[in-house]
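This report describes a single protein chain. Please consult the sequence and the model displayed below.

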Amino acid sequence: MAATDLDNPIFARFYDRFLGRDRSRGESELRAELVAGLTGRVVEIGAGNGISFQHYPRSVSELLAIEPQPYLRDAATRAAAACE
């Protein structure tokens with residue numbers, strides 16, 4: 001683990017399992033609304049598990065996602081690969 005990593009594995013696993021999921025109660029639509037209209041290069045700070053990645057419009061040519069927590073960063077990496 002690098003000195004810049006934030007390690008809170010209990011929170012990370014709780015977030016990934018319970019909070020960082022679209023639960024078909026409008027979260028998906030809200031996430032899409034939040035990123036609608038973005039274009040070009042975008043920086044997402046605190047990407048969590050990458051839950052928002054699938055909602056970025058095609059007009060976003062590059063997404064730089066930053067997540068300091070190792071467990072969530074791994075989940076975000078998997079989410080990014082699923083969007084390719």
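## A buried charge

Glu 44 is buried (under 20% relative accessible area, where over 50% is exposed and the range in between partly exposed, with a 1.4 Å probe and protein chains only), yet Glu 44 has no salt bridge. A salt bridge here requires a side-chain nitrogen of Lys or Arg within 4 Å of a carboxyl oxygen of Asp or Glu. The nearest side chain of opposite charge belongs to Arg 31, 7.2 Å away; Lys and Arg count as positive and Asp and Glu as negative, while His and the chain ends are not counted.

Glu 44 belongs to strand β1, residues 40-45. Beyond its neighbours within four places in sequence, Glu 44 is in contact with Ser 52, Phe 53, Tyr 56, Leu 63, Leu 64, Ala 65 and Ile 66, contact meaning heavy atoms within 4.5 Å.

## Basis of the model

The model is predicted: local features need pLDDT of at least 70 and side-chain atom pairs count only at pLDDT 80 or more, whereas totals for chains, interfaces and linings use all residues. Residues are numbered from 1 along each chain as its sequence is written, and side-chain values use heavy atoms, with hydrogens and water left out.

## Chain architecture

The protein chain has three helices and two strands, in the sequence order α-α-β-β-α. These elements are DSSP runs numbered from the N terminus (helices H or I, at least four residues; strands E, at least two). Of the 84 residues, 32% are buried.

## The salt bridge

The structure holds one salt bridge. Arg 41 pairs with Glu 62, their closest N and O atoms being 3.0 Å apart. This pair links distant parts of the chain, 21 residues apart, with Arg 41 in strand β1 and Glu 62 in strand β2. Arg 41 is exposed, at 65% relative accessible area, and Glu 62 is partly exposed, at 39%.

## The largest pocket

The largest pocket contains about 360 Å³ of space. Its lining comprises 13 residues, and Phe 53, Tyr 56, Val 60, Leu 63 and Cys 83 are the closest to its centre. A pocket is an open set of points on a 1 Å grid over the protein atoms alone, where a 1.4 Å probe fits, with protein on both sides within 12 Å along at least five of seven lines; lining residues have an atom within 4 Å of a point. Grid points are joined across faces, edges and corners, and the volume is the space filled by probe spheres set on the points.

Strand β2 supplies the largest share of the lining, five residues.
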